[in-house]
Amino acid sequence: TQGNRQLLCQKETPSGYEILEKHQNRVSFRVRWPSAWETVTLDSQGLHLFCSLTQPDAAAAFWAIPLLTDNGGEQTNISVSEHRATVTLKEAVHTVTSDNNLCLTQQICGNRNGIYRVLYADSNTRQCSVLLKLMATKP
């Protein structure tokens, strides 16, 4: 549980998946959880994540996205507005965009690659989507 949020992966196990599209420039698949569907699509725009809670009494959907703050040698620059977060490290820019509200927390997590702060994309409905994109600022 994250505040009043319940992470799906902490209480359920996926029950299956299906490949929706498999093309040279686009791949899409759907993961079935007991109480939700997740659709993941990778294309030229970036990585699209969509979830839909299937239980009628479900709380609002959200995504929890780790944003790199430190890789052990360098710190990133993070900026967040209502519908866009940007993480910059040298020439690389990672963006998270959503029609849902974005909220950067003080929550810290880490792994062998770095230290992260958690960004939430919060929805007021049972559906939530985000677009993750990595691009270079210099050719």
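**View A. R26 counts as partly exposed, with a relative accessibility of 30%.** In these legends, buried stands for under 20% relative accessible area, exposed for over 50%, and partly exposed for values in between (1.4 Å probe, protein chains only). The model is predicted, so local features need pLDDT of at least 70 and side-chain atom pairs count only at pLDDT 80 or more, whereas totals for chains, interfaces and linings use all residues. Residues are numbered from 1 along each chain as its sequence is written, and side-chain values use heavy atoms, with hydrogens and water left out. R26 forms a salt bridge with E21, and the closest N and O atoms of the pair are 2.9 Å apart. The term salt bridge denotes a side-chain nitrogen of Lys or Arg within 4 Å of a carboxyl oxygen of Asp or Glu. E21 is partly exposed as well, because its relative accessible area is 25%.

**View B. The side chains of R26 and D43 meet in a salt bridge, with a distance of 2.8 Å from N to O.** R26 belongs to strand β2 (residues 26–33) and D43 to strand β3 (residues 36–43), so this pair ties together parts that are 17 residues apart in sequence. Strands are DSSP runs of E with at least two residues, helices are DSSP runs of H or I with at least four, and both are numbered from the N terminus. D43 is buried, because its relative accessible area is 17%. Together, E21, R26 and D43 are linked in a network of salt bridges. Side chains of opposite charge can pair when their charged atoms come close.

**View C. N25 lies in the loop between β1 (16–23) and β2.** With a relative accessible area of 63%, N25 is exposed. Leaving aside neighbours within four places in sequence, N25 is in contact with L42, D43 and S44; contact here means heavy atoms within 4.5 Å. N25 and S44 are 19 residues apart along the chain, and their C-alpha atoms are separated by 6.8 Å.

**View D. E74 and K90 form a salt bridge, in which the closest N and O atoms are 2.9 Å apart.** The pair ties together parts that are 16 residues apart in sequence, because E74 lies in the loop between β5 (62–70) and β6 (77–80) and K90 in the loop between β7 (84–89) and β8 (92–97). E74 is partly exposed, with a relative accessible area of 28%, while K90 counts as exposed at 60% relative accessibility. The backbone of K90 also deserves attention. K90 has a positive phi of about 55 degrees, although it is not a glycine. Most residues other than glycine have a negative phi.

**View E. T97 is found in strand β8.** At 22% relative accessibility, T97 counts as partly exposed. Not counting residues up to four places away in sequence, T97 touches H83, R84, V130 and L131. The C-alpha atoms of T97 and V80 are separated by 9.9 Å, and the two residues are 17 apart along the chain.

View F. From the N terminus on, its elements run α-β-β-β-β-β-β-β-β-β-β-β. The C-alpha trace spans about 45 × 40 × 30 Å along its principal axes. The radius of gyration is 16 Å, which agrees with the value near 14 Å that a compact globule of 139 residues would have. This radius is taken over C-alpha atoms, and the globule rule is 2.2 Å times the number of residues to the power 0.38. Of the 139 residues, 36% are buried. Among contacts between residues at least 6 apart in sequence, 43% join residues at least 24 apart. The accessible surface comes to about 8700 Å², and carbon and sulfur atoms account for 50% of it. Accessible areas come from the Shrake-Rupley method with a 1.4 Å probe; for residues, only the protein chains shown count as cover. The structure holds four salt bridges, among them the pair of R26 and E21. The mean positions of the 13 positive and 12 negative charges are 3 Å apart. Lys and Arg count as positive and Asp and Glu as negative, while His and the chain ends are not counted. The place of a charge is taken as NZ of Lys, CZ of Arg, CG of Asp or CD of Glu.
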